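The following exercises concern a predicted model. Each task is followed by a solution in steps.

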Amino acid sequence: MAAGFDLELRYALHPQVAVRPEPFGALLYHFGTRRLSFLKDPRLLEVVQGLAGAPSAHAACTAAGVPEAELARFARALATLAETDMLEVA
Amino acid sequence: MTDEPTPAVEPADSTEIETAAAPAVEEDLLVEDVSIDGMCGVY
Amino acid sequence: MRLVDQFERGLDAPICLTWELTYACNLACAHCLSSSGRRDPRELSTVEAKAVVDELERMQVFYVNIGGGEPTVRPDFWELVDYATAHKVGVKFSTNGVKITPVVAERLAASDYVDVQISLDGATAAVNDAVRGTGSYATALRAMENLHAAGMRGFKISVVCTRHNVDQLDAFAALADRFGAQLRLTRLRPSGRGADVWDELHLLPGQQRQLYDWLVEHGEGVLTGDSFFHLAAYGSALPGLNLCGAGRVVCLIDPIGDVYACPFAIHENFLAGNVRSPGGFAGVWRNSELFGSLREPQSAGACGSCGAYDACRGGCMAAKFFTGLPLDGPDPECVVGHGATALSTVDRLGAPRPSGDHSHAGGVRGGPVPVTIGRRRPQPHACDESPLAGIGAGG
């Protein structure tokens with residue numbers, strides 16, 4: 001497992017994760033770890049849903065309309081999801 | 001598992017200054033995470 | 001906005017919920033939150049239960065905690081579990097272990113989407129069986145052995161903390177280690193038959209502190225179902241949301257399809273509707289007046305001026321309700337002591353009684369016959385003899 005999250009890699013949702021869109025963003029539930037993640041921004045949901053189809057996490061962020069100024073913040077969010085196994089390197 | 005979470009970049013300060021209009025709250029975390037056993041009313 | 005704030009306002013669908021499949025049970029535990037024992041003839045049929053699963057799938061409820069009574073005594077138990085997991089609803093079921101044979105254990109070990117929770121209220125037979133009945137400890141241990149032998153790791157051992165088992169916390173942890181299980185400690189509420197034994201069994205103030213300290217020191221990896229958020233007033237909050245999820249993110253569906261805010265609040269004041277109504281479960285969850293009012297900001301009431309309120313949020317609605325305390329005041333086990341004060345002046349005998357009573361007539365197996373003067377008087381019923389009365393052989 002990588003020592004940190006790398007925006008330039010391609011990621012995907014772990015196959016055991018269920019995604020439930022919500023007005024505030026989304027709920028993600030991992031059936032293996034039984035952890036619940038709460039995404040607090042609808043754009044983050046869009047990023048997460050676009051990860052597998054994008055060449056990199058960075059590209060997925062751009063496609064979801066995340067400005068460069070917020071990229072670090074989104075990267076931290078994605079890193080948290082990767083650390084809790086919600087995301088895996090594709 | 002990762003034991004040393006080194007964030008990819010750390011210009012956190014400049015990011016936060018530029019997005020100062022965003023609600024500060026406690027921190028700007030976009031993800032919150034909890035064990036699903038972590039709410040009351042279910043046995 | 002914090003996750004907790006969002007959850008307090010409710011969601012369009014529960015995150016998970018408790019589903020009591022039957023009131024039938026082979027045991028007669030003294031503190032049963034659902035007053036179980038005898039099957040209610042109005043139980044949801046297999047077809048009706050599957051329709052509920054279909055709704056949960058559409059609403060994307062992540063999983064159900066199946067309980068009862070003893071859910072495995074329903075002849076269609078496995079059919080329903082398989083149906084749920086095939087329809088993307090995860091299952092955890094709570095059991096006293098009576099049907100966890102080696103074959104069943106193998107099946108569970110092989111499934112990714114089914115989790116099991118064995119109930120145990122004493123680390124020794126003496127302590128356990130006093131509450132759950134003669135032989136219940138042996139049944140639970142046998143189930144755990146079978147699960148462990150089948151390679152199932154991480155099943156739960158779920159303990160209701162009482163005055164008599166609070167000194168056994170290390171022993172419970174050792175049991176969990178021995179069987180490759182995860183320990184879960186939960187709060188005794190004065191719910192169901194729990195109302196009758198609460199005075200004798202609930203933790204004394206010093207014991208609450210003992211439990212809190214143990215959880216802080218040894219509780220990493222110990223689940224609590226967030227049931228001790230009233231203890232947050234001692235100091236730092238325990239892991240969890242420290243939030244009452246009732247009617248907001250969780251609820252109960254009972255064996256006859258009644259929807260309550262919480263499995264600890266089976267009473268008409270907390271009854272939101274029934275899944276058999278035209279709008280089904282979704283209609284109840286989204287439109288019931290009760291849930292609407294629970295999703296409004298709650299008043300701190302008498303607790304408003306207490307510095308601990310931010311941490312404890314006034315404690316447990318069900319604990320207050322069934323001890324006769326007002327909902328906008330202290331929890332009966334308020335760690336600051338306000339609850340004890342309130343209890344000393346409230347009319348305990350006039351406190352609300354749980355709605356239904358499906359108890360067997362005899363009380364805890366092997367235990368003293370309970371004195372029930374002025375309280376429960378179960379009507380003679382075929383289901384008193386056998387929880388499976390009227391259902392075909394097997395199960």
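**Exercise 1.** Determine what covers the buried residues of helix H5 of chain C, and which residues these are.

*Solution.* Begin with the cover: helix H6 (136-149) of chain C is included in what lies over the buried residues of H5(C). Next, list the residues concerned. Helix H5 spans residues 125-132, and its buried members are Asn128(C), Asp129(C), Ala130(C), Val131(C) and Arg132(C). Finally, look at the residue just after H5(C): Gly133(C) has a positive phi of about 105°.

**Exercise 2.** Identify the residues that touch the most other members of the largest nonpolar core.

*Solution.* The core holds 154 residues, and Val64(C) and Ala265(C) have the most contacts with other members. The element giving the most to this core is helix H3 (residues 71-83) of chain A, with eight residues. Now take Val64(C): leaving out residues up to four places away in sequence, its contacts are Cys16(C), Leu17(C), Trp19(C), Leu56(C), Ala84(C), Val89(C) and Val91(C).

**Exercise 3.** Explain why chain C is described as being as compact as a globular protein of its length.

*Solution.* First, note that chain C has 15 helices and nine strands. Its radius of gyration is 20 Å, close to the 21 Å from the globule rule for 395 residues, and chain C is therefore as compact as a globular protein of that length. As for burial, 54% of its 395 residues count as buried.

Terms used. Residues are numbered from 1 along each chain as its sequence is written. Chains are lettered from A and ligands numbered from 1 in the order in which they are written. This is a predicted model: local features need pLDDT of at least 70, side-chain atom pairs count only at pLDDT 80 or more; totals for chains, interfaces and linings use all residues. A nonpolar core is a set of buried Ala, Val, Leu, Ile, Met, Phe, Trp, Tyr and Cys residues joined through C-beta atoms within 7 Å. A residue is buried if 20 or more other C-beta atoms lie within 10 Å of its own, exposed if 12 or fewer, and partly exposed in between; C-beta atoms are placed from the backbone. Helices (H or I, at least four residues) and strands (E, at least two) are DSSP runs, numbered from the N terminus. Two residues are in contact if their C-beta atoms, placed from the backbone, lie within 7 Å. The radius of gyration is taken over C-alpha atoms; the globule rule is 2.2 Å times the number of residues to the power 0.38.
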